[in-house]
Amino acid sequence: MENRWFAYLIPPFIVTLLLVAGSQFVFIQNSFYQDLGLGRTGTDLTLVNYIKFFTDSFYLKTFWITIKVSAIAALLTLFLGFPIAYVVARMKSRLAMFLLAGIVVSTFVTIVIKVFGLIIIFSADGVINKTLLNLGLIERAYSIIGTQEGVVIGLMHFTIGFSVLLLYSVVVTVPPSLEYAAQIHGASRLRVYQRVIIPLCAPGFVVGGLMIFNMCMGAFTSAALLGGGRVLTLPVLVQRTVMMEVKYSTAASIAFVLLVSVILINLFSLIAIRRLRSARLVVA
Amino acid sequence: MQTWTEKIILFIWCGFSYVFLLSPMVVVMGASLHGGEFSAAIKFPPDEPSFQWYSKIPSEQFEALALSLLVAAVATFIAALIAIPAALGLVRSNFKAKFAITSVFRAPLQIPAIVSGIAFLQLYYLIFDTSGLMLAGTIPGMLLGHVFIATPFLFGTIVAVLQRFDYRLEEASYSLGAGRWRTLYRVTLPTIMPGIYSGGLYAFMVSFADVPMSIFLTAPGFVTYPVELFYAMENDFDPSILASSSIVIVFCLAMLLVVQKVVGLETLLRSGGGSAR
């Protein structure tokens, strides 16, 4: 019996392994050749691209900005995602499904369309600027394109739908009976949050937060469109290095640095899950 | 058991999150109804609502949309052909390296799409250098990249469904005289079908929405819809692009309704296309 099922696994595994290993091997190897510009590369293996990355302040600054905007976006996304996840998880009516459906649809729509909407909302004569101007909070129209705030908002739109679904699966693991029990024993609602809900959800927040941070680190579209060429993150830099400077090896080395950072964060969150699980803090 | 203050705080907090989440799409649909004269004027709320821009959508956008639909549909189909046997084989056999094999199938999700994009582009250049066959800017080249990013979604949902599978159903089928293939087609596959549908929906949508992978694999006259939008946005755009975007938003909504009819929203959420990441 068992051998029969194992045979099912072999062909798809070979195809996937070829695709994964083949594509990754080629670009990683390319990153070790010197870039001669215009798509030409040297023939000797060298670390020159990496030395340049880690000594040039331009690349280091881009790396730092990527980490900074991703971290801010991940935290804000968790902050906005949690109430929806909590309310929907505790809701008993069928309305909960409709609310979740709204989230799912928003994850289906391509981020380019959402960025269109953001640009209209934040445009010089858009809703936000008009309101702020009328209230006298700002003196002239403020543009989010080309600012780090804009990139953060874009990254949040890229991840928030996914984060709500993720946090929802965390909140469902905390049975409402625990909340009732705490209240019967005299805990106020604030205390229920402090001592029951937040501690039990915390491991999920940590792991989910790392996953969202990872998505932000690798996010290209929203960062490219809202950065407007003035705020660069690593994914944007990869694309620009290929398309505008035609430097494949340099781009490959940047992409490899990005890949390694993302994999390290993943390993870290995997270890975090194991630790938390063995400490019996996570049910799922 | 919640107090009123808490309910009010949660309501406002949630409301704010929903406005943040949904407003860009509402605004795009609203602004597409702009009826004024000036093509450069993109306004929300629109001045004199009309559908004039819907008849002015240029043909390139329809061609891009058609290409995106074709690529997403075929890529999802191929991804299913890879993911179904893979998930069956993985869940049902016993061996030590399961974790390593699962990681390979899930790897495309861990790799940032932009990295996969440049990786496939360089792979295609290498193939071109050695065999003279250029895959970048062709349908097979585009498909290969999209199969790569779509497969993990199907794999994840089917594995999730299989782990809850009741083996007695298959035993009943065998004991009633059905053979292996008959059992597979009449019992096993129909039972995991909800997982295939919901995983397929996620896979289709991820492929349909992709920019970072496709942007490297396009060529002049061979552009997927999100990439077409991406380039339009870097230049000036007029409300016709908002009109076609609105059509896409409605299409996404329709896809969800279809899946709701076929497998139900609960299954879609439970089988966790979200958690497949």
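A residue counts as buried when 20 or more other C-beta atoms lie within 10 Å of its own. The views below show a predicted model.

**Figure 1. Helix α7 of chain A, residues 148-171, and its bend.** By the criterion above, 21 of the 24 residues of α7(A) are buried, so the helix is mostly covered. The helix does not run straight: at A:Thr159 it bends by about 45 degrees. Leaving aside residues up to four places away in sequence, A:Leu155 touches A:Val69, A:Ser70 and A:Ala73, and also A:Cys216, A:Ala219, A:Ser222 and A:Ala223.

**Figure 2. The largest nonpolar core.** This core has 156 residues. Those with the most contacts inside the core come from both chains: A:Leu155, A:Val238 and A:Ala255 on one side, and B:Ala83, B:Ile118, B:Leu154 and B:Ile158 on the other. In soluble globular proteins, nonpolar side chains tend to be buried together.

**Figure 3. The interface between chain A and chain B.** Contacts between the chains involve 71 residues of chain A and 72 residues of chain B. On the chain A side, helix α1 (residues 2-30) gives the most, with 19 residues. Sorted by type, the residues on this side of chain A comprise 49 nonpolar, 18 polar and four charged.

**Figure 4. Packing of α5(A) with α9(B) across the two chains.** Because angles under 35 degrees count as roughly parallel, α5(A) is classed as roughly parallel to α9(B). From α5(A), the contact is made by A:Val112, A:Ile113 and A:Phe116, and from α9(B) by B:Pro226, B:Leu229, B:Phe230 and B:Met233. Seven nonpolar residues make up this contact, with no polar and no charged ones.

**Figure 5. Packing of α7(B) with α10(B) within chain B.** Helix α7 of chain B (residues 180-209) and helix α10 of chain B (residues 239-262) have axes that come within 10 Å and cross at roughly 175 degrees. An angle over 145 degrees counts as roughly antiparallel, and α7(B) and α10(B) are therefore placed in that class. On α7(B) the contact residues are B:Tyr197, B:Ser198 and B:Leu201, and on α10(B) they are B:Met255, B:Val259 and B:Val262. Five of the contact residues are nonpolar, one is polar and none is charged. As background to the spacing of such residues, an α-helix has 3.6 residues a turn, so residues three or four places apart point the same way.

**Figure 6. The loop around A:Val246.** A:Val246 sits in the loop between α11 (234-243) and α12 (248-278) of chain A. Its phi is near 50 degrees, which is a positive value in a residue other than glycine. A:Val246 has 14 C-beta neighbours inside 10 Å and therefore counts as partly exposed.

**Figure 7. A:Ala181 in helix α8 of chain A.** The helix that holds A:Ala181 spans residues 176-184. A:Ala181 has 13 other C-beta atoms within 10 Å, so it is partly exposed. The C-alpha atoms of A:Ala181 and A:Val192 are separated by 9.6 Å, and the two residues are 11 residues apart along the chain.

**Figure 8. B:Thr3, in the segment before α1 of chain B.** Between the C-alpha atoms of B:Thr3 and B:Lys56, 53 residues apart along the chain, the separation is 53 Å.

**Figure 9. Chain A and chain B, for orientation.** Chain A contains 12 helices and two strands, and along the sequence the two strands come after the opening helix. Chain B has 11 helices and zero strands. The C-alpha trace spans about 75 × 70 × 35 Å along its principal axes in chain A and about 75 × 70 × 30 Å in chain B. Buried residues make up 43% of the 284 in chain A and 45% of the 277 in chain B. Taking contacts between residues at least 6 apart in sequence, 71% in chain A join residues at least 24 apart, and in chain B the share is 74%.

Conventions
Residues numbered from 1 in each chain as written. Chains lettered and ligands numbered in written order. Predicted model: local features only at pLDDT ≥ 70, side-chain atom pairs only at ≥ 80, totals over all residues. Contact = placed C-beta atoms within 7 Å. Helix = DSSP H or I, 4+ residues; strand = E, 2+ residues; numbered from the N terminus. Nonpolar A, V, L, I, M, F, W, Y, C, P; charged D, E, K, R; others polar. Buried ≥ 20, exposed ≤ 12 C-beta atoms within 10 Å, placed from the backbone. Core = buried A, V, L, I, M, F, W, Y, C linked by C-beta atoms within 7 Å. Bend = angle between axes of the 7 residues up to and from the residue. Axes fitted to C-alpha atoms, helices over the stretch in contact; angles between N-to-C directions. Parallel < 35°, antiparallel > 145°, perpendicular 65-115°, else oblique.
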